[in-house]
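Subject: Handover of a structure and the findings on it

Dear colleague,

Please find below the structure that I am passing on to you. I would be grateful if you could read the notes after it with the coordinates open.

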Amino acid sequence: MNASGIAVAAEHLTKRYGALAAVDDLTFEVPAGQLVAVLGPNGAGKTTTLEILEGFAAPTSGTARVLGADPRRGGRAWRARIGLVLQSTSLEAELTVRETLALYARLYPAPRPVGEVMSLAGLTGDAQTRVGVLSGGQRRRVDLAIGIIGQPEVLFLDEPTTGLDPEARRRTWHAVQDLTAAGTTVILTTHYIDEAGYLADRLLLISAGRLLADTTPGRLRAQGGPPVVRYPLRDPALTPDLPPGLACHYDPHARALVIRGGDVAGALRDLLAWTGPRSLDLSAIEVGPASLEDAYLTAIGELPGSTS
Amino acid sequence: MTDTAMRRLPSAATLLLAQIRYQAKLLAGGRAVVIGVGLPVILLIASSTRQAHPSAADIAGYACFGLTLTAWNTYGVRLVAAREAGVLKRWRATPLPRWCYFLGRIAACVIVAAIAGAATVLAAVLLYHTHLSTSAWPGALAAFVLGGTAWAAAATALSAAIPTAEAAAPTLMLIYFPVIIISGVFGSISEPHWLYTLATYLPAQPLAGAVTSALSHPPGTPLLPVRDVAVLAAWAAAGLATAIAVFRWEPHRPARPRPPRR
């Protein structure tokens, strides 16, 4: 960390593969203790950015500083202050969970106790199980446990909950929250917008390697556009029967009517007028502000009708 | 500087020993190493149907077969598989000195390979009452260690050129069997002369020669032939130097990342 309390800094960071800019002129700073989620579609440059910050890749131009050091030149002492969970699982299958964690714990000057880490990652019941026979989700937890066993000051999490069941995701979220509460700086990439909304203090939206927005979950949602009326329409046989004023709002991917903005009261009137004679269940109808996911898709220009 | 950073990092020697123990456990625990220990003993027993007592050259040949199977094939395949699974990348990101991982992996391989070679010699002693002089064991072990280092170093160097885990076994075998056969590990080959000469510069024939010499050890001769030792040492040094220069920690990846979704 530098004197100003900045844990991670990128300045005009660029990474090119031939003509393609995987990361294109990124500039941002992350104060110590903050949890920043890096969001973007596949191929946006999230993992490449993380790999530069972790010291695996050199930028084509620009600079990266993590805990005040150039990640490419970080020595043992620097690496002891960094933790990471790679995008894919990277474990030897032959050792047990406890053996694996004890092996990695030995590398650090002040490791967390193995039992504590297993408890935090929800692995206590698997202590004597060989890693090779664990499920994909359990292996992901071992990855996380290895990432935090050295008590890192900066933790890089590259899609850490991909493949986890909802209960395991929640447990991981709580573990990450415990770390940030203790002052750990976390850089997280994820495709789960709810995860970013739940955990992150701040969001960096990246597309085609460029920074589209540096915002917070609250601000992004507020910028997400007008209120939305959602009405799930699971039975495709009903859609030809929709009046033109509603049919234009049918989203076949979501299998729902999604009415954005405009006259909400009028939209609800039209909807009730259509559902009433058909005795359709209205219990699933939702009226509210744009979801964080809608706001994210609008920001990256992926939502139908979005202009960005 | 934080509390964590100010605390002393574990010593490199401690970490190296832990790495050797860990890597040896992984290598010896794998099913593939059973081939390195078991197959040469089975071949030794099978060969006894032709002759009552195997010669020192036969025992040395089978011992070298077991050793090289372990130090070249088993080790090389596991190294590439670990790299492609991201295991090496993960280790690279830890405070473990990189040379510790590298050296730990090779040292563990040499230990397990030497045990595989020694198992064949022990089987010959137990099954056929082969008489060994007092200097035979230390001489053979020295040859096993040197030969294991040469083969493991060469496999480490070659691993950088193998792109996938699936390609590892075929690539290593394609090199391994011709070298082993022309080197006379399963029976001496003296013709054609150029092939014999070539084999003396490869790491199998000098290894088999050194072990044969250690096991038979004629009076008045050096325990290990100087030329064989020199060739093996050269392979070990060249293999290590090449491995250090070209070693890959990260999985191979496509030349370009996927284009962004539009």
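This is a predicted model: local features need pLDDT of at least 70, side-chain atom pairs count only at pLDDT 80 or more; totals for chains, interfaces and linings use all residues.

Chain A overall

Chain A contains eleven helices and 13 strands. Taken along the principal axes, its C-alpha atoms fill a box of roughly 70 × 45 × 35 Å. Of its 308 residues, 45% count as buried. Among contacts in chain A with a separation of 6 or more, 70% are between residues 24 or more positions apart.

The three-stranded sheet of chain A

One open sheet of chain A has three strands in the order 2-1-4, and the pairing is antiparallel. Strand 2 and strand 4 (61–66) of chain A each have a single partner strand, so one side of each is left without a neighbour in the sheet. From one strand to the next, the twist averages 20 degrees. Strand 1 (residues 6–17) of chain A is joined to strand 2 of chain A by eight bridges, the two strands running antiparallel. Within this pairing, Arg16(A) has Ala21(A) of strand 2 of chain A as its bridge partner. Helix 1 of chain A packs on this sheet and touches strand 1, strand 2 and strand 4 of chain A. The direction of helix 1 makes about 60 degrees with that of strand 2 of chain A.

The four-stranded sheet of chain A

A further open sheet in chain A is formed by four strands in the order 11-12-10-13, again with antiparallel pairing. Its edge strands are strand 11 (250–251) and strand 13 (286–288) of chain A, each of which pairs on one side only. Between strand 10 (residues 228–232) and strand 12 (residues 256–260) of chain A, which run antiparallel, there are five bridges. Tyr231(A) has Leu257(A), in strand 12 of chain A, as its bridge partner. Helix 10 (residues 264–275) of chain A lies across strand 10, strand 12 and strand 13 of chain A, and runs at about 20 degrees to strand 10 of chain A.

Leu39(A) is found in strand 3 (residues 35–39) of chain A. Is Leu39(A) buried or exposed? Leu39(A) counts as buried because it has 27 C-beta neighbours inside 10 Å, where 20 or more are required. Leaving aside neighbours within four places in sequence, Leu39(A) is in contact with Ala196(A), Leu203(A), Leu205(A) and Tyr296(A). The C-alpha atom of Leu39(A) is separated by 19 Å from that of Ala64(A), which is 25 residues apart from Leu39(A) along the chain.

The contact between the chains

In the contact between the two chains, 34 residues of chain A meet 31 residues of chain B. On the chain A side, the elements that give two or more residues are strand 2 (20–31), helix 1 (46–54), helix 2 (76–79) and helix 3 (97–105). The largest share, three residues, comes from helix 2 of chain A. By class, the chain A side has 18 nonpolar, eight polar and eight charged residues.

Two packed helices are described by the angle between their axes and the distance between the axes.

In chain B, the axes of helix 4 (residues 56–84) and helix 6 (residues 98–128) come within 8 Å and cross at roughly 155 degrees. An angle over 145 degrees counts as roughly antiparallel, and helix 4 and helix 6 of chain B are therefore roughly antiparallel to each other. The crossing is right-handed. Residues in this contact include Ile59(B), Tyr62(B) and Leu67(B) from helix 4 of chain B, and Cys109(B), Val112(B) and Ala116(B) from helix 6 of chain B. This contact has 16 nonpolar, four polar and no charged residues.

Helix 4 of chain B also packs with helix 8 (residues 165–182) of chain B, at an angle of about 160 degrees and with the axes 9 Å apart. Helix 4 and helix 8 of chain B are therefore roughly antiparallel to each other, and this crossing is right-handed as well. Among the residues that meet here are Phe65(B), Trp72(B) and Glu84(B) of helix 4 of chain B, and Leu172(B), Met173(B) and Tyr176(B) of helix 8 of chain B. By class, this contact has twelve nonpolar residues, three polar and one charged.

Yours sincerely

Note on methods. Residues are numbered from 1 along each chain as its sequence is written. Chains are lettered from A and ligands numbered from 1 in the order in which they are written. Two strands pair if DSSP finds at least two bridges between them. Two residues are in contact if their C-beta atoms, placed from the backbone, lie within 7 Å. Axes are lines fitted to C-alpha atoms, for helices over the stretch in contact, and angles run from 0 to 180 degrees between N-to-C directions. Angles under 35 degrees count as roughly parallel, over 145 as roughly antiparallel, 65 to 115 as roughly perpendicular and the rest as oblique. A crossing is left-handed if the near helix is turned anticlockwise from the far one by less than a right angle, and right-handed if clockwise. Ala, Val, Leu, Ile, Met, Phe, Trp, Tyr, Cys and Pro count as nonpolar, Asp, Glu, Lys and Arg as charged, and the others, Gly among them, as polar. A residue is buried if 20 or more other C-beta atoms lie within 10 Å of its own, exposed if 12 or fewer, and partly exposed in between; C-beta atoms are placed from the backbone.
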